[in-house]
Amino acid sequence: MASSLMGHFVLPSGNGNKVWEDQTFFSLTMGCVLGVIYSNETPNKLGSLKYWYERNKVNFLVANSAVWNDDAVNGALDSASFWVKGLPFVKSLSGYWKFFLASCPSKVPENFYDSAFHDSEWETLPVPSNWQMHGFDRPIYTNITYPFPLDPPFVPVENPTGCYRTCFQIPKEWNGRRILLHFQAVDSAFFAWINGVLIGYSQDSRLPAEFEITDYCHPYGSDNKNILAVQVFRWSDGSYLEDQDHWWLSGLHRDVLLLAKPQVFIVDYFFKSNLAEDFSYADIQVEVKIDNSRETSKDNVLDKFTVEAALYDPGGWYKSNAYTDLVSSNVANLKLDLSSTSKPCPGFHGYLLAGKLAMPRLWSAEQPNLYTLVVILKDASGSVVDCESCLVGIRKVSKAPKQLLVNGQPIIIRGVNRHEHHPRLGKTNIESCMVKDLVLMKQNNINAVRNSHYPQHPRWYELCDLFGIYMIDEANIETHDFDLSKHVKHPTLEPSWAAAMMDRVIGMVERDKNHACIFCWSLGNESGYGPNHSASAGWIRGKDPSRLVHYEGGGSRTTSTDIVCPMYMRIWDIVKIAKDPDEIRPLILCEYSHSMGNSNGNIHEYWEAIDSTFGLQGGFIWEWVDQGLLKEGTDGSKHWAYGGDFGDIPNDLNFCLNGLTWPDRTPHPALHEVKYVYQPIKVLLTEGTVKIKNTHFYETTEGLEFSWVVHGDGCKLGSGILSLPLIKPQNSCDIEWHSAPWYALWASSFAEDIFLTITAKLLHATQWVEAGHVVSSTQVQLPARRKTIPYVIKPKDATFNTEINKDAIRISQQNLWEIVLDVRTGVFESWKVEGVSLMNKGIFPCFWRAPTDNDKGGGSNSYLSLWKAAYIDCLHYITESCSVQNKTDHLVKIVVVFLGVPKKEGSFTNLGNTNHLVKTEMIYTIYSSGDVIVECNVKPNSNLPPLPRVGLEFHLEISMDQIKWYGRGPFECYPDRKAAAHVDIYEQKVGDMHVPYIVPGECSGRADVRWVTFQNKNGFGIYASTYDNSPPMQINAGYYTTAELDRATHHEDLIKGDNIEVHLDHKHMGVGGDDSWTPCVHDKYLVPAVPYSFSVRLCPITPATSGQDIYKSQLQN
């Protein structure tokens, strides 16, 4: 049989077509690819139940052991061992294998697969792993472009080829059993040999390949070890179907397993349930596939064997620490259904087991109730021959006009896209790291994940079943670069690619079909649209009508998708589709809110539309994690690397950094905003009523504790537990204003700003978080009880000294404070308080920010391109005039006029008839109290594009590193991403304000700030607030200058300045985020080039005063 196989292959040393360059040839095995591998401890029910009893004991504490550095290498090996623990008929071959990397297939060592081959001089490589993550070859990151010429099905001659060798022995207990070799996933194609005998070939980098090797293994007791050799190609024709937006990495990146099965065994099964209309019972069915291929007689299996199944409810398993009577948790038994009367066509339809379960506990993301299914094969004497088991959930996925229903409810998808990514391991997985992802998702109200853009590790699905996550499972198909081709059709249009595409779709469904979390199958991503997609959709609908089909290609509304699933569609367009009476499908954004760097602006507006528009059911943010890889610098330190950092050509730079978390799963500030818009408890303030709505579909508020707190002008006025009646799913509770517990506080308060915050916390620990976790928190502003009167500084009796000379104006009051202003430049040379230096450079107008990734997107139409074309990036301020307008014993008024003139490479740019871009009049009124009122009148040229910011910049002594502010926080927020940031008084170190995006840019802002103080450790510093009728400010302070944030391309390249750069902005442009390749900040968050006027109050602060005291006195004016 092996010799006949050899005829199918052209090995690297042969002539003719190569199988790795033939799209019609993608797999040749000597057995079936299994969807199940759980050969349990003992081949009976109890062994299976004990296995799942242990395997299901996973919770948020596991996430604490997640590792993201070099320790992850051993962590991956430990996980591979853990995943087969308790399975004596499954053996992991994980560990260190011998490895040799050839530059191309023709350079592979001759006969390296022979048992007698000497590999002692080869290096070692851990399996599972990607070889590029261990110093072999290099990672390549591209978004769309193939890293090789587009010439399907051919790949480059220079095709790095990994040669692997390891050995194993057959355990005694495996005698007489069939031996299967199972590769969980290999990138991108491979041959495998056992003891020098070629056993097969496979490709598809994200699905398993399985070979029966019984006849080629040395049995137990043999003096010879079994030698497994594998040859892996970096590129194959399959690579044309794997053009996803992620790192191109190669090798045995998931585990390699040996399985021992009886001569006749359960090869696969498909669990199905059909719920009654009132959900009072479920008809359950299991379709079982039996392998008796090695039997001499191929008669009906049922002549010699029987098959049965049982369902067990683990709901009570963990009420004590010891094993309970697991078998007694049986809730349903399934027997063989031999009737064929209900079948639409004659013939054999498989071994079908049927049963009924009364009052089933249904699975949903809110209530992930699971059962354990055990399938048993017995021989004629009744002895158990084989036993397989898995977790299953009972739920119903269905459609209604403009709705996706789960158990009859129109669930809302609060989702993210997730690539498999580990910064040290690449595509290799660790149990604790997957749990970390799920724990973070659940804690941030994320209830759904799209596996972008390929089937992921098998354990991921079990964990999503257990933790409760709705899933779109996606086929490993993307051919994005064909969109740009002028001469080659998309594979979906070519019959020669049909089988390969279908194989990937079928393989995904067959592997994952028993997982309750999957509500939808996806045909792939960004692969055009054609008959191969139609065929795949048809196959899925015939195979598994219990789920929906998804595919965005072809415009997201083809007949091959049950969901309208656009990506990055604008709010007004999704609302338009939802209101289209001819479109009866629900709309779920398969990708939206592109999280590249400082992003995710406008997401609250998406959710205002989703929450209020029938037919919109949510979406999946792009994406979960920054795909940065750990790279060692010349100094030995590690940093996050992106495309091009490994010398990879072509590359798409940092377009792989689109996550809500950093590579080590530290959350970006934007994740707070996601948690807020995704929160299930909504609080609305209407006239006379506070409405609290429970948007869950299955959970009541029984497990929540509600509390309230009221603040007035930053001071806590009162708080308490909010006693509410139980709120049922999709119901609300109204609190009448006059009967609210905070009413008396509000009625007696004369604060200018009064805020009510209502918070819902978990009363009990869950699988994903400890008790006390905040599920929802909403702050609403209450109407003020008094009319706001603008504050006006009143001159005090105290006098001060003013010295005016040719170069400077020196103003001081005894030894309390001193300000020196340079007459030539119109800026502060220094500001001291009781001899302590506060400010050493300022105050300037400022209109520029370090560009964000979103600012750069859009080519010549990007905001950055427009700014540079208008020279906003290189403004230099010339002092047109500086004069003392008024001087008394109690105040000095100085007027400075700045002209913003472009400066390029040391010379001023000729702008024709216009000699400046912006004219700014700054009026300083310096009072004897030490107060400085800065009135700004800004007049930009009307032909300028929207401005990055309009505000003031100054530089403080580096010792002024204690910052306190009254505004939104505590985390970074911007005008279009601030809904989650509550208004309060916050305090931090200046260094902690900085947000270390991998590619630096504008960051660390805080929105709606009323006042802010900067102080040194002794309490000396400066106070700043809005003045007169000016609205709250956007502030920013840090050790990195705007120019430095603009210059550096990696965070580790940043150089700290010798002072603190402070920005007080009257206007600041939003960060955007609808996508990152068009200028898409919403109009309301743009800063048009029109005149602006605003005022800021600055004053010294000492240990005897505080920002809050100064602000209170300001309000009492």
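Cysteine 973 is found in the loop between β50 (962–969) and β51, where strands (E, at least two residues) and helices (H or I, at least four) are DSSP runs numbered from the N terminus. Cysteine 973 is buried, with a relative accessible area of 0%; buried means under 20% relative accessible area, exposed over 50%, and partly exposed in between, with a 1.4 Å probe and protein chains only. Between cysteine 973 and isoleucine 477 there are 496 residues in sequence and 37 Å in space, C-alpha to C-alpha. This is a predicted model, in which local features need pLDDT of at least 70 and side-chain atom pairs count only at pLDDT 80 or more, while totals for chains, interfaces and linings use all residues. Residues are numbered from 1 along each chain as its sequence is written, and side-chain values use heavy atoms, with hydrogens and water left out.

Rolling a probe the size of a water molecule over the atoms shows where empty space is left. On a 1 Å grid over the protein atoms alone, a cavity is a set of points where a 1.4 Å probe fits but cannot get out, whereas a pocket is an open set with protein on both sides within 12 Å along at least five of seven lines, and lining residues have an atom within 4 Å of a point. Grid points are joined across faces, edges and corners, and a volume is the space filled by probe spheres set on the points. The largest pocket holds about 970 Å³ of space, and of the 40 residues that line it, Trp607, Glu608, Asp611, Lys682 and Leu684 are the closest to its centre. At least two lining residues come from each of α9 (603–612), β29 (616–621), α10 (670–678), β32, β38 (774–782) and β51 (982–989), with α9 giving the most, 5 residues.

Two of these elements deserve a further look. In α10, 7 of the 9 residues are buried, so this helix is largely enclosed by the rest of the structure; the buried residues are Ala670, Leu671, Glu673, Val674, Lys675, Val677 and Tyr678. The strand β32 belongs to an open sheet of 3 strands in the order β32-β33-β36, with antiparallel pairing, two strands being paired if DSSP finds at least two bridges between them. Because β32 (681–686) and β36 (731–736) stand at the edges with a single partner strand each, one side of each is left without a neighbour in the sheet. Neighbouring strands of this sheet are turned by 20° against each other on average, direction ignored, with axes taken as lines fitted to C-alpha atoms, for helices over the stretch in contact, and angles running from 0 to 180 degrees between N-to-C directions. β32 is joined to strand β33 (residues 689–694) by 6 bridges in an antiparallel run, and asparagine 694 in β33 is the bridge partner of isoleucine 681.

Another open sheet has 7 strands in the order β1-β9-β8-β11-β6-β3-β4, again with antiparallel pairing. Within this sheet, strand β8 (residues 189–194) and strand β9 (residues 197–203) run antiparallel and are joined by 6 bridges, and phenylalanine 190 has serine 202 in β9 as its bridge partner.

Aromatic rings give a further view of the chain. Rings of Phe, Tyr and Trp (its six-membered ring) pair if their centres lie within 6.5 Å, and planes under 30 degrees apart count as stacked, over 60 as edge-to-face and the rest as tilted. By this rule the count comes to 55 aromatic pairs. Phenylalanine 847 and tyrosine 877 form a tilted pair, 6.4 Å centre to centre with 45° between the planes. This pair links distant parts of the chain, 30 residues apart, with phenylalanine 847 in the loop between β43 (836–846) and α12 (853–856) and tyrosine 877 in strand β44 (residues 875–887). Phenylalanine 847 is buried, with a relative accessible area of 2%, whereas tyrosine 877 is partly exposed at 21%. One aromatic cluster is formed by Trp20, Phe100, Phe112, Tyr113, Phe117, Trp122, Phe191, Trp193, Tyr201 and Phe233.

The structure holds 14 cavities of 30 Å³ or more, and about 120 Å³ of space lies in the second largest cavity. Of the 15 residues lining the second largest cavity, Cys1003, Asn1036, Gly1038, Tyr1040 and Leu1045 are the closest to its centre.
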